[in-house]
Amino acid sequence: MLLYYAVGGGLGHLVRARAFLHTLGLEGDAALFTASRFADDPRVTGGLPVVRVPDALDGDGGGLRALLLETLEDLQVDRLVVDAFPAGLLGELAGFVAPSGVAMEHVARLLRWESYRVDAPGPLPRFGMTWVVEDLHPEHRRALEEASSDLRPLALADPPAPPPPPVERPYALVVHSGPDEETLDLV
(Lines give C-alpha, C1' and ligand atoms only; values in the text may rest on other atoms or scores of the structure.)
Protein backbone atom coordinates (compact mmCIF):
# COMPACT_ATOMS: atom_id res chain seq x y z
CA MET A 1 0.00 0.00 0.00
CA LEU A 2 1.22 3.48 -0.91
CA LEU A 3 0.27 6.43 1.27
CA TYR A 4 0.51 9.85 -0.37
CA TYR A 5 1.14 12.46 2.35
CA ALA A 6 -0.55 15.64 1.10
CA VAL A 7 -1.39 17.52 4.28
CA GLY A 8 -2.00 20.96 2.76
CA GLY A 9 -5.55 22.25 2.83
CA GLY A 10 -5.77 23.27 -0.82
CA LEU A 11 -6.44 21.64 -4.13
CA GLY A 12 -2.88 21.56 -5.52
CA HIS A 13 -1.66 18.70 -3.32
CA LEU A 14 -4.54 16.46 -4.35
CA VAL A 15 -4.26 17.30 -8.05
CA ARG A 16 -0.52 16.58 -7.92
CA ALA A 17 -1.16 13.34 -5.99
CA ARG A 18 -3.60 12.09 -8.62
CA ALA A 19 -1.24 13.05 -11.45
CA PHE A 20 1.72 11.37 -9.70
CA LEU A 21 -0.20 8.16 -9.09
CA HIS A 22 -1.59 8.15 -12.63
CA THR A 23 1.78 8.90 -14.24
CA LEU A 24 3.45 5.98 -12.45
CA GLY A 25 0.41 3.67 -12.67
CA LEU A 26 0.01 3.44 -8.89
CA GLU A 27 -3.68 4.28 -8.40
CA GLY A 28 -4.61 0.67 -7.64
CA ASP A 29 -3.12 0.40 -4.15
CA ALA A 30 -2.87 3.93 -2.82
CA ALA A 31 -4.52 6.22 -0.29
CA LEU A 32 -4.33 9.96 0.35
CA PHE A 33 -3.43 11.47 3.74
CA THR A 34 -4.75 15.03 3.70
CA ALA A 35 -6.40 17.92 5.46
CA SER A 36 -7.75 19.38 2.21
CA ARG A 37 -11.39 20.42 2.24
CA PHE A 38 -11.57 19.09 -1.34
CA ALA A 39 -10.85 15.51 -0.24
CA ASP A 40 -14.55 14.66 0.00
CA ASP A 41 -15.07 15.34 -3.70
CA PRO A 42 -14.57 12.17 -5.77
CA ARG A 43 -13.98 14.33 -8.86
CA VAL A 44 -10.82 15.54 -7.12
CA THR A 45 -9.68 12.34 -5.43
CA GLY A 46 -10.67 10.00 -8.23
CA GLY A 47 -12.28 7.67 -5.72
CA LEU A 48 -8.99 6.98 -3.90
CA PRO A 49 -9.33 6.13 -0.21
CA VAL A 50 -8.73 9.20 1.94
CA VAL A 51 -7.34 9.46 5.46
CA ARG A 52 -8.68 12.80 6.70
CA VAL A 53 -6.55 14.82 9.08
CA PRO A 54 -8.96 16.09 11.73
CA ASP A 55 -9.37 19.86 12.02
CA ALA A 56 -8.27 19.52 15.66
CA LEU A 57 -4.73 18.77 14.40
CA ASP A 58 -4.46 22.07 12.53
CA GLY A 59 -1.06 23.46 13.53
CA ASP A 60 -0.24 20.41 15.70
CA GLY A 61 2.95 18.89 14.25
CA GLY A 62 3.23 16.28 16.99
CA GLY A 63 -0.36 15.20 16.47
CA LEU A 64 0.15 14.95 12.71
CA ARG A 65 3.24 12.82 13.18
CA ALA A 66 1.40 10.52 15.61
CA LEU A 67 -1.55 10.16 13.22
CA LEU A 68 0.83 9.39 10.36
CA LEU A 69 2.59 6.65 12.35
CA GLU A 70 -0.77 5.17 13.34
CA THR A 71 -1.96 5.27 9.71
CA LEU A 72 1.23 3.64 8.41
CA GLU A 73 0.62 0.73 10.76
CA ASP A 74 -3.17 0.50 10.28
CA LEU A 75 -2.96 0.47 6.47
CA GLN A 76 0.20 -1.65 6.37
CA VAL A 77 1.90 0.98 4.22
CA ASP A 78 5.13 -0.02 2.50
CA ARG A 79 5.64 3.18 0.49
CA LEU A 80 5.22 6.72 1.84
CA VAL A 81 5.30 9.58 -0.67
CA VAL A 82 5.66 13.05 0.85
CA ASP A 83 4.24 15.83 -1.32
CA ALA A 84 5.94 19.20 -1.80
CA PHE A 85 7.17 19.95 1.73
CA PRO A 86 9.95 17.46 2.49
CA ALA A 87 9.90 18.00 6.27
CA GLY A 88 6.11 18.30 6.30
CA LEU A 89 3.99 21.42 6.16
CA LEU A 90 4.78 22.37 9.77
CA GLY A 91 8.13 20.62 10.10
CA GLU A 92 6.37 17.57 11.57
CA LEU A 93 8.54 15.26 9.47
CA ALA A 94 11.86 16.86 10.41
CA GLY A 95 14.19 14.02 11.31
CA PHE A 96 11.40 11.50 10.65
CA VAL A 97 12.54 7.91 10.24
CA ALA A 98 9.98 5.67 8.61
CA PRO A 99 9.16 2.38 10.32
CA SER A 100 11.01 -0.66 9.05
CA GLY A 101 9.70 -1.81 5.68
CA VAL A 102 8.35 1.61 4.65
CA ALA A 103 10.19 3.21 1.72
CA MET A 104 10.12 7.02 1.72
CA GLU A 105 9.84 9.12 -1.42
CA HIS A 106 9.32 12.80 -2.06
CA VAL A 107 7.59 14.76 -4.84
CA ALA A 108 9.47 18.05 -5.14
CA ARG A 109 7.99 21.21 -6.55
CA LEU A 110 9.24 24.78 -6.43
CA LEU A 111 9.03 26.27 -2.91
CA ARG A 112 10.10 29.53 -1.34
CA TRP A 113 12.89 27.48 0.18
CA GLU A 114 14.36 30.05 2.56
CA SER A 115 10.93 30.86 4.02
CA TYR A 116 10.04 27.19 4.26
CA ARG A 117 13.22 26.36 6.18
CA VAL A 118 12.38 29.07 8.73
CA ASP A 119 9.05 27.29 9.37
CA ALA A 120 10.56 23.78 9.13
CA PRO A 121 14.18 24.13 10.27
CA GLY A 122 14.93 20.55 11.37
CA PRO A 123 16.77 17.89 9.39
CA LEU A 124 15.02 16.52 6.32
CA PRO A 125 13.96 12.88 6.38
CA ARG A 126 15.97 10.44 4.28
CA PHE A 127 14.28 9.71 0.93
CA GLY A 128 15.11 6.79 -1.30
CA MET A 129 13.78 8.73 -4.29
CA THR A 130 12.87 12.34 -4.90
CA TRP A 131 10.73 12.97 -7.96
CA VAL A 132 11.34 16.52 -9.24
CA VAL A 133 8.26 17.89 -11.00
CA GLU A 134 9.39 21.55 -11.31
CA ASP A 135 12.74 23.31 -11.57
CA LEU A 136 14.03 23.99 -8.08
CA HIS A 137 16.14 26.80 -6.66
CA PRO A 138 19.78 25.71 -6.21
CA GLU A 139 19.62 25.65 -2.37
CA HIS A 140 16.43 23.59 -2.45
CA ARG A 141 17.88 21.13 -4.95
CA ARG A 142 21.12 20.83 -2.99
CA ALA A 143 19.23 20.03 0.23
CA LEU A 144 17.19 17.34 -1.53
CA GLU A 145 20.31 15.84 -3.10
CA GLU A 146 21.77 15.47 0.39
CA ALA A 147 18.56 13.97 1.77
CA SER A 148 17.86 11.60 -1.14
CA SER A 149 19.54 8.54 -2.58
CA ASP A 150 18.30 9.53 -6.05
CA LEU A 151 16.65 12.53 -7.74
CA ARG A 152 14.76 12.06 -10.98
CA PRO A 153 12.71 14.44 -13.08
CA LEU A 154 9.10 13.46 -13.56
CA ALA A 155 6.68 14.99 -16.05
CA LEU A 156 3.25 14.56 -14.53
CA ALA A 157 0.27 13.54 -16.65
CA ASP A 158 -3.23 14.20 -15.38
CA PRO A 159 -5.58 11.23 -15.26
CA PRO A 160 -8.42 11.31 -17.75
CA ALA A 161 -11.46 13.23 -16.64
CA PRO A 162 -14.54 11.18 -15.79
CA PRO A 163 -17.25 11.22 -18.43
CA PRO A 164 -19.66 14.13 -18.06
CA PRO A 165 -23.13 13.41 -16.74
CA PRO A 166 -25.64 12.59 -19.48
CA VAL A 167 -27.44 15.53 -21.05
CA GLU A 168 -31.20 15.55 -20.57
CA ARG A 169 -33.10 14.78 -23.70
CA PRO A 170 -34.33 15.93 -26.12
CA TYR A 171 -31.48 18.40 -26.75
CA ALA A 172 -28.87 20.77 -25.41
CA LEU A 173 -28.05 24.22 -26.72
CA VAL A 174 -24.42 25.34 -26.74
CA VAL A 175 -23.97 29.01 -27.55
CA HIS A 176 -20.33 29.57 -28.43
CA SER A 177 -18.62 31.11 -31.42
CA GLY A 178 -15.45 29.04 -31.58
CA PRO A 179 -12.78 28.06 -32.31
CA ASP A 180 -14.21 24.78 -33.59
CA GLU A 181 -12.14 22.60 -31.19
CA GLU A 182 -13.48 24.54 -28.20
CA THR A 183 -17.06 24.28 -29.46
CA LEU A 184 -16.69 20.53 -29.98
CA ASP A 185 -15.22 20.19 -26.49
CA LEU A 186 -18.21 22.03 -25.02
CA VAL A 187 -20.64 19.86 -26.97
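A residue counts as buried when its relative accessible area is under 20%, and as exposed when that area is over 50%. Keep both cut-offs in mind for this tour of a predicted model.

**Stop 1: the whole chain**

Trace the elements from the N terminus: the order is β-α-β-α-β-α-β-β-α-β-α-β-α. Now zoom out. Along the principal axes, the C-alpha atoms fill a box of roughly 60 × 35 × 30 Å. Colour by burial next. Of the 187 residues in the chain, 40% are buried.

**Stop 2: A84**

Select A84. Look in the loop between β4 and β5 (103-108). Is A84 buried or exposed? Its relative accessibility is 0%, so A84 falls under the 20% cut-off and is buried. Check the backbone as well. Phi of A84 is near 65°, a positive value in a residue other than glycine.

**Stop 3: Q76**

Go to the loop between α3 (61-74) and β4 (79-83) and pick Q76. This residue, also not a glycine, has a positive phi, near 55°. Its setting is on the exposed side of the cut-offs: Q76 has 66% relative accessibility.

**Stop 4: R16 and D83**

Display the side chains of R16 and D83. They form a salt bridge, with the closest N and O atoms 2.8 Å apart. What does this pair tie together? R16 sits in helix α1 (residues 12-23) and D83 in strand β4, so the bridge links parts that are 67 residues apart in sequence. R16 is buried, at 14% relative accessibility. D83 is buried too, with a relative accessible area of 3%.

**Stop 5: the cavity**

Stay on D83, which is one of the residues lining the largest cavity. How many cavities of 30 Å³ or more are there? The count comes to one. The largest cavity has a volume of about 40 Å³. To see its lining, select Y5, A6, V7, G8, H13, V82, D83, F85, G88 and L89. Colour that selection by class. Six of the lining residues are nonpolar, three are polar and one is charged.

**Stop 6: other salt bridges**

Across the whole structure, the search finds six salt bridges. Side chains of opposite charge can pair when their charged atoms come close. Two further pairs deserve a click.

- Select R43 and D41. Their side chains meet in a salt bridge at 2.7 Å, N to O. R43 is exposed, at 64% relative accessibility.
- Select R141 and E145. Here the N to O distance is 3.4 Å. Both residues lie in helix α5 (residues 138-147), four residues apart, about one turn of the helix. R141 is partly exposed, at 35% relative accessibility. E145 is partly exposed as well, with a relative accessible area of 42%.

**Stop 7: a nonpolar surface patch**

Switch to a surface view and select Y171, L173 and V175. Together they form a nonpolar patch with about 430 Å² of accessible area. Where does L173 lie? Look in the loop between β7 (151-153) and α6 (180-186). L173 is exposed, with a relative accessible area of 70%.

**Last view**

A84 is buried at 0% relative accessibility, whereas L173 is exposed at 70%.

Methods
Residues are numbered from 1 along each chain as its sequence is written. This is a predicted model: local features need pLDDT of at least 70, side-chain atom pairs count only at pLDDT 80 or more; totals for chains, interfaces and linings use all residues. Side-chain values use heavy atoms; hydrogens and water are left out. On a 1 Å grid over the protein atoms alone, a cavity is a set of points where a 1.4 Å probe fits but cannot get out, and a pocket is an open set with protein on both sides within 12 Å along at least five of seven lines; lining residues have an atom within 4 Å of a point. Grid points are joined across faces, edges and corners, and a volume is the space filled by probe spheres set on the points. Ala, Val, Leu, Ile, Met, Phe, Trp, Tyr, Cys and Pro count as nonpolar, Asp, Glu, Lys and Arg as charged, and the others, Gly among them, as polar. Patches are made of residues with over 30% relative accessible area and no salt bridge: like charges are joined within 9 Å, nonpolar side chains (Val, Leu, Ile, Met, Phe, Trp, Tyr) within 5 Å. Accessible areas come from the Shrake-Rupley method with a 1.4 Å probe; for residues, only the protein chains shown count as cover. A salt bridge is a side-chain nitrogen of Lys or Arg within 4 Å of a carboxyl oxygen of Asp or Glu. Helices (H or I, at least four residues) and strands (E, at least two) are DSSP runs, numbered from the N terminus. Buried means under 20% relative accessible area, exposed over 50%, partly exposed in between (1.4 Å probe, protein chains only).
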